[in-house]
Every structure is written in structure tokens, then in C-alpha cells.
Amino acid sequence: MIEDDVREDLLHVLMSKEEIQQTVADLAAQIDRDYADKDVLLVGVLKGAVMVMADLSRAIRSHITMDFMAVSSYGSGTKSSGVVRILKDLETDLMGRHVLIVEDIIDSGLTLSWLKTNLESRGPASVEICALLRKPEAMKTEIDVKYVGRDIPNEFVVGYGLDFAEQYRNLEFVGTLAPHVYS
Ligand code: 5GP
Ligand code: MG
Ligand code: MG
């Protein structure tokens, strides 16, 4: 079982399955309130946001549509390169749409500030951001994140979509990766 195998790779559990569920439900309630009279397009950023997209979209009670984008910024390391590349673009025309970018985590904020500017150039009615987790570094970037699940310390975390070298995405919780795994 993966959860037994990874115990020694993790320092501690940062967010349990139950805490994630509650956090996602709270985010969905806020989104339902704010978009009550609007159709929203959820844009999931692959691959990290797949879990939060799947759970958030089902917790939202309003009509939504979904699309996905894949961008690269990290490679397989743990530090942002600052260079963003589109690996898979949206299929949806954003003209006049209310767009909500769904992200797993904001660290430097470089990826999201690039992505937000990119989507804003496509003529949408609005572009907002929802991130499950946010690290302190993000405060240094001028990026307005409307919905944040939880602010976390500056540690490298895995699970619930978040990977290290493509591993650990299918953990049901979010845990802090032990430095011996990546150093
Ligand atoms: P940023 O550009 O905000 O520094 O980071 C962008 C992306 O890097 C995130 O969407 C996420 O995919 C990845 N990332 C940032 N911090 C972490 C972390 O602590 N753990 C993992 N697994 N990925 C992270
Ligand atoms: Mg991400
Ligand atoms: Mg990654």
C-alpha cells in the first residue's frame, strides 16, 4: 500500500483527508455565493490540480463547465524555474467567459501570475484564482488570489495531486516531504 510505503518519506501530515474535504467544501460554498448568477468555467492546471478539480467541481452546486491546461514551470525538482511553457492549451474560447483558475498550490506565484495574464489576454469577462494551498513566498508577488484553502509553511509538500518526480500524487492527504528524499 502506498500510504504504508511512504511513511518514511514524509515528515508529517499537513492536511488529512477530512481537512481537505472540509476546506474544499468551504471553497465551493464561497464560489457558489460569488457566481450565483454567472456561468463559471473552471480551468484546472494539470496535473497537480486534478484532485482538487474533481472534488471542488462536485462540491459546487451551480452550473459549471471545465477545461484543463498543462504548463511547465518546475521540471522534476523542487524550485520554480520562472520559465512557463504551455504543454496543453484550453479547448474553450474564453471570450466573455467568467474564468476561475483552479490550482493545487502557489509557491512563488510565478506560474499563476503568468497564466492569469495569458488568460486575461483572451477577452474573458473575468479571471479569478482558487488555490488549495499557498506558501508565504506568494506574498512577494503581486498576485490577487480570491480563494485560498489554506496558508502553509514554506515546506515542500506532496499528495492529493502534488508530486515529487511524478510520485505521491495519489495520496489522499497532503504531507511534508522529508528532505532526505530530494536532497
Ligand atoms: P510557483 O510558480 O507558484 O512557484 O509554483 C508553481 C507550481 O509548482 C505549483 O502549481 C506546483 O505544481 C509546484 N509546486 C510549488 N510548490 C510545491 C510543493 O510544495 N510541492 C509540490 N509537489 N509542488 C509544488
Ligand atoms: Mg500546479
Ligand atoms: Mg510537480
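**Overall picture**

Modeller: Take contacts in the chain between residues at least 6 apart in sequence: 66% of them join residues at least 24 apart. Two residues are in contact if their C-beta atoms, placed from the backbone, lie within 7 Å. This is a predicted model, where local features need pLDDT of at least 70, side-chain atom pairs count only at pLDDT 80 or more, and totals for chains, interfaces and linings use all residues. Residues are numbered from 1 along each chain as its sequence is written, while chains are lettered from A and ligands numbered from 1 in the order in which they are written.

Biologist: What is the mean pLDDT of the chain?

Modeller: pLDDT is the predictor's confidence in each residue, from 0 to 100. Where pLDDT is low, the predicted coordinates should not be read in detail. Here 95% of the residues reach 70 or more, and the chain's mean pLDDT is 92.

Biologist: How many helices and strands does the chain have?

Modeller: Both are DSSP runs, numbered from the N terminus: helices (H or I) have at least four residues and strands (E) at least two. From the N terminus on, the order is α-β-α-β-α-β-β-β-α-β-β-β-β-α. The count comes to five helices and nine strands.

Biologist: Why is the chain said to be as compact as a globular protein of that length?

Modeller: The radius of gyration is taken over C-alpha atoms, and the globule rule is 2.2 Å times the number of residues to the power 0.38. For 183 residues the rule gives 16 Å, and the chain is close to that, so it is as compact as a globular protein of that length; its radius of gyration is 16 Å.

Biologist: How many residues of strand E5 are buried?

Modeller: A residue is buried if 20 or more other C-beta atoms lie within 10 Å of its own, exposed if 12 or fewer, and partly exposed in between; C-beta atoms are placed from the backbone. Across the chain, buried residues make up 31% of the 183. Strand E5 covers residues 98-106 and is largely enclosed by the rest of the structure, because the buried ones number eight of the nine.

Biologist: Which residue in E5 is the bridge partner of Gly44?

Modeller: Two strands pair if DSSP finds at least two bridges between them. Strand E2 (residues 40-46) and E5 run parallel, joined by five bridges. Gly44 has as its partner in E5 Val102.

Biologist: Which residue in E6 is the bridge partner of Ile105?

Modeller: E5 and E6 also run parallel, with eight bridges. The partner of Ile105 in E6 is Leu133.

Biologist: Is Pro136 buried or exposed?

Modeller: Pro136 sits in the loop between strand E6 (126-134) and E7. Its C-alpha is 7.3 Å from that of Asp107, 29 residues apart in sequence. Pro136 has 11 other C-beta atoms within 10 Å, so it counts as exposed.

Biologist: How many other C-beta atoms lie within 10 Å of Glu155?

Modeller: Glu155 lies in the loop between strand E7 (147-151) and strand E8 (157-158). Glu155 is partly exposed, because the count is 13.

Biologist: Which residue in E9 stands opposite Val157?

Modeller: Three strands form an open antiparallel sheet in the order E1-E9-E8. Its edge strands, each pairing on one side only, are strand E1 (10-15) and E8. E8 pairs with strand E9 (residues 174-177) over two bridges. Opposite Val157 stands Thr176.
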